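Please find below a colleague's note on the model under review. The structure is shown first, and the numbered points come after.

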Amino acid sequence: MKNLFKITTVAAILALSNTANANERIGFADPGYLLQNHPAMVEASAKFEQFMKETEKKFADEGKKLEAEEKALLAERNKIEEDAKKLQKEQGTLEASLKKKVAALEKDAPRLRSKEIQARQDAINAEQKAFQNKVTAIQKRESEFAKKAEAFQKKAGAFQEKVAKEQQVNGLDPNEIQKKAVDEINTAIKTLAETKGYTLVLSPTVALYAKDEKADITEEVLSVLKANATKATETKEEPKKEETPVEEKKAETQAK
C-alpha cells in the first residue's frame, strides 16, 4: 500500500522551499493512515477476514489433499537426490575397481586361454551393465517425478484460481478496491486543500518542523471520506419510488 503513494524526500522539500513564494501555504496529509482507515478498505479487510474463514472451511479438504501431495512429492524428490548421490559415489568406486581389473586382464591375457579371457571380460561387462541399469532406473524415477511435479503445479494453480474467482464473486478484488480508495483519497485531499487555501499538500513524514498543527488535514480528509461513504450507502439503500403506469394515470385523469 505504501508504494501507491510517492513519498517526497527531505531533499525535495528543501528544493521546493527555494522556489516557493512567501504566500504559499503548505498542508500535510498522511496517505498511509488514510488508506488503512478508508471506509472501503476497512470494510474490505473485515470481508476478507470473513471470506478467509469461510474459504478455509469450503476448501479445507482440497487444501489438505494438496498439502499432503506436496509433502509426499518433497519426500520423493529428497529420496531421489539421496540415491543419486549414493550412485555417484558408487560410480567412482566402480570405475577404480574396473580399471584395476582391466589392467590385470591385459597383464594376464598372454598366459590365459581365450575362454578364460572371455569369462573375465564378461564379468567386467556385467558389472558395467549392472551399474548402467541403476543409472537408468534413477533417470526413470527423475522423469516420472518431473511429470508428477508438473501435474501438481497445474492442480495447485487451478486451486488458487478457484479461490481467486471466489474472491471476485464475493466482491473482493483487492486491486480494484485499493485503486478506488486511492483515487477517492486524492480527490478528497485536493478538494479540502482548495477549500482551506493550501497550495501544496505533503506527507507528514517529510516535515522537519510544523509550527501550525492545523496544517495537518489528515483527520479532516478522513472525515470527508467517511461522510462520502455514508452518503453512498444511504443512496444504495434508498428504495426506488414506484412509478404509476401510464394507463392508470390516464384513467385517473379521465375520472377527474
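Predicted model: local features only at pLDDT ≥ 70, side-chain atom pairs only at ≥ 80, totals over all residues.

1. Residues are numbered from 1 along each chain as its sequence is written, and side-chain values use heavy atoms, with hydrogens and water left out.

2. Helix 3 spans residues 39-58 and has 20 residues (helices are DSSP runs of H or I, at least four residues, numbered from the N terminus). From first to last C-alpha, helix 3 reaches 28 Å, close to the 28 Å expected at 1.5 Å a residue (1.5 Å times one less than the number of residues).

3. Met 41, Ala 44, Phe 51 and Thr 55 of helix 3 are buried (under 20% relative accessible area; exposed is over 50%, with a 1.4 Å probe and protein chains only). These residues lie on the same side of helix 3 because they cover an arc of only 80° around the axis (taken from the directions from the helix axis to the C-beta atoms). Glu 56 and Lys 57, on the other side of helix 3, are exposed.

4. The largest nonpolar core has 22 residues (buried Ala, Val, Leu, Ile, Met, Phe, Trp, Tyr and Cys joined through side-chain atoms within 4.5 Å). Helix 2 (31-37), helix 3, helix 6 (174-196) and helix 7 (218-237) each give two or more residues to this core, and helix 6 gives the most, with eight residues. A second, separate core of ten residues includes Phe 145 and Phe 152.

5. The charged end of Arg 25 sits over the ring of Tyr 198, 4.4 Å from the ring centre (the criterion is NZ of Lys or CZ of Arg within 6 Å of the centre and within 35 degrees of the ring normal).
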